[in-house]
Amino acid sequence: MARPDAFDDLCRERSADLVHFATLVAGSRQAGQDLAQDALLEMWRRWDRLELADPSAYLHTVVIRRQHRLRQRFWNREVPAADPGRDETTA
């Protein structure tokens, strides 16, 4: 399925800014690039159904939501390495 030229133009014009924003949100360049790519992919999949006044705002929202979900997953997986009530130096 071919995408309109408007989406290609949006990617060319906004991708560098989106990666910069996603890097700030994620904390690293690599994670920011991944988040930006995911946001553009999500927009590409929904392009035919979206009617946006400001596509950048949509992309920023997608980046923030994906990062939030990613942090939630890591938070739920976190397991303490030791029992905080037990002193391991005397064991």
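User: Which residue just after H1 takes a positive phi?
Analyst: This is a predicted model, where local features need pLDDT of at least 70, side-chain atom pairs count only at pLDDT 80 or more, and totals for chains, interfaces and linings use all residues. Residues are numbered from 1 along each chain as its sequence is written, and side-chain values use heavy atoms, with hydrogens and water left out. Helices here are DSSP runs (H or I, at least four residues), numbered from the N terminus. Just past H1, a positive phi of about 95° turns up at Gly27.

User: Where does H1 bend?
Analyst: The bend at a residue is the angle between axes fitted to the seven residues ending there and the seven starting there. For H1 that angle is about 55°, and the spot is Arg14.

User: Is Thr23 buried or exposed?
Analyst: Thr23 sits in helix H1. Buried means under 20% relative accessible area, exposed over 50%, partly exposed in between (1.4 Å probe, protein chains only). Thr23 comes in at 18% relative accessibility, so it counts as buried.

User: Which residues does Thr23 touch, not counting those up to four places away in sequence?
Analyst: A contact means heavy atoms within 4.5 Å. Leaving out residues up to four places away in sequence, Thr23 touches Ser28, Arg29 and Gly32.

How values were computed: Helices (H or I, at least four residues) and strands (E, at least two) are DSSP runs, numbered from the N terminus.
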